[in-house]
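Please keep the sequence and the 3D view open while reading.

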Amino acid sequence: MTVKSLRTAIFLCLLAAAVGTSAAQSAAPDARIQRAVAAVDATRLQSTDLALVNFGTRHTSGTTLPAEKHAGVIQARQWIEAELGRTSQHCQGCLELKQYRSVEGPAPRLPQPAELVTIYAIQRGNDPEAAKRVILLSAHYDTIAMARMNDAEAPAPGANDDGSGTSLVLEAARVLSHERFPATIIYALFPGEEQGLFGSKAFAKLAKSEGWQLEAVLSNDIVGGDNTRDQHNLARVFSEGIPATLTADDADRTTLRRLRLLGAELDSPSRQLARFIATEATAYLPASSVQPKMVFRQDRFLRGGDHTSFNELGFAAVRITEYAENYDHQHQLPRLENGVEYGDLPKFIDFSYLAGVTRLNVAAAGLLASAPAPPAEVKLVTRDLVNSSTLHWKPSPDGRAAGYELLLRETTAPGWEKIVPAGAQLQLTVPDSKDNVIFGVRAYDQDGHRSLVVMPAPER
Ligand SMILES: [Zn+2]
């Protein structure tokens with residue numbers, strides 16, 4: 001053994017001692033996720049995006065145009081449905097194709113009531129209990145040109161916003177549907193985003209009213225990596241801090257006060273989802289592929305997207321979007337002006353970048369659908385003033401957990417820094433003071449898939 005390799009071995013031992021070891025950490029990579037990630041095809045993404053653009057403007061109000069106008073929004077959604085049908089044929093009918101219809105408007109950007117149709121496909125989990133848990137991959141298929149925002153015929157190709165996200169979801173469905181997962185994955189394409197998130201709001205309401213166990217929503221919007229800007233090989237993952245469900249009424253004031261007391265504003269369920277994407281999913285990405293960059297903010301400055309519809313109803317949801325946007329290529333009427341070309345056109349898309357963001361989604365969704373349910377009723381005991389910390393929890397409700405891990409980080413650290421294995425125990429005491437660190441608990445299954453992290457609630 002050379003001095004260098006000896007040093008490396010000592011370092012690895014120290015690291016193992018620091019973070020602890022567990023069945024979860026020594027698990028082999030999941031071959032299903034590896035296959036799905038490797039199958040993502042930039043050429044297919046390109047042809048899907050071009051097909052969407054070729055339907056013409058996909059303005060949501062297109063449904064109110066006379067039939068002879070062949071509105072792009074209707075043609076596109078029929079084609080999307082047919083594509084998902086073809087994908088399903090290749091997996092022996094593994095996808096259940098669905099539509100969710102609602103009538104929205106009148107509204108400032110929908111002067112006449114319009115029928116909105118969300119197209120979605122369900123890939124049911126193969127474990128009866130875990131299949132009740134749902135992971136949602138989404139994008140919106142409608143487009144708009146802001147200069148003529150209520151004109152359903154104004155040219156709005158929407159190659160990036162959000163033809164890129166729609167192509168991503170269809171490609172993710174194609175590669176993930178060849179594999180089987182314990183939990184359910186839903187692939188959803190929304191209309192009405194540009195008019196005020198109408199499609200996703202209606203769909204989130206459906207999920208809420210039917211009591212879906214919607215565990216994670218990944219909303220992909222503008223993920224084409226405009227090729228006139230340096231994307232630094234990064235995709236931003238936006239997640240809310242203070243949950244959108246907290247309002248000013250009395251019950252929420254108590255919750256808000258607790259958030260403030262505990263300094264828990266960096267640990268919403270959406271933030272745990274962002275951390276999952278930034279750590280678990282990246283293990284499956286080639287080093288040269290697009291990497292996630294967490295942004296601790298619900299969306300870009302004063303802007304919004306479909307994930308907000310889910311946040312507002314209490315679901316964990318993140319927005320995934322390119323690193324550096326070019327506003328000349330969003331919501332613009334295609335034109336040449338003073339030597340500058342405007343318009344959301346396919347030629348500005350970097351399809352290898354889009355393939356990178358697709359891999360990230362595929363890895364994240366596959367891992368989330370493989371993971372056991374997070375542990376339930378996670379509590380941090382606060383009865384006595386002591387310097388050590390005791391946490392306890394109930395088993396993962398889907399019965400798939402092989403063990404649990406306690407996670408710790410400094411209050412100033414963005415991501416988890418230390419893992420303490422708990423094995424099959426449902427309680428653990430660590431010497432670290434709850435005053436100085438932030439705790440989380442997660443489950444892992446027999447193959448080492450980790451669940452989303454749950455923040456403990458104080459128990460008096
Ligand atoms: Zn958009």
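## Terms and model

Two strands pair if DSSP finds at least two bridges between them. Strands (E, at least two residues) and helices (H or I, at least four) are DSSP runs, numbered from the N terminus.

The model is predicted: local features need pLDDT of at least 70, side-chain atom pairs count only at pLDDT 80 or more, and totals for chains, interfaces and linings use all residues. Residue numbers start from 1 along each chain as its sequence is written.

## Two domains

The protein is divided into domain 1 (31-370) and domain 2 (373-459). These bounds come from an automatic or database domain assignment. Taken over C-alpha atoms, the domain centres are 31 Å apart.

The contact involves 20 residues from domain 1 and 14 residues from domain 2. Contact here requires C-beta atoms, placed from the backbone, within 7 Å of each other. On the domain 1 side, strand E5 (213-220), helix H9 (269-279) and helix H11 (351-370) each supply at least two residues. H9 gives the most, with six residues. By class, this side of domain 1 has nine nonpolar, four polar and seven charged residues. Ala, Val, Leu, Ile, Met, Phe, Trp, Tyr, Cys and Pro count as nonpolar; Asp, Glu, Lys and Arg count as charged; the others, Gly among them, count as polar.

Strand E11 (residues 376-381) pairs with E17 in the parallel sense, over three bridges. Leu380 stands opposite Pro458 in E17.

## The three-stranded sheet

A second open sheet has the order E14-E13-E16, with antiparallel pairing. Its edges are E14 (418-423) and E16 (437-444); each has a single partner strand, so one side of each is left without a neighbour in the sheet. Neighbouring strands are turned by 25° against each other on average, direction ignored. Eight bridges join E13 to E16. Leu408 stands opposite Phe439 in E16.

Gly403 lies in strand E13 (residues 403-410). Gly403 and Gln425 are 22 residues apart in sequence and 7.3 Å apart in space, C-alpha to C-alpha.

Methods:
Contact = placed C-beta atoms within 7 Å. Axes fitted to C-alpha atoms, helices over the stretch in contact; angles between N-to-C directions.
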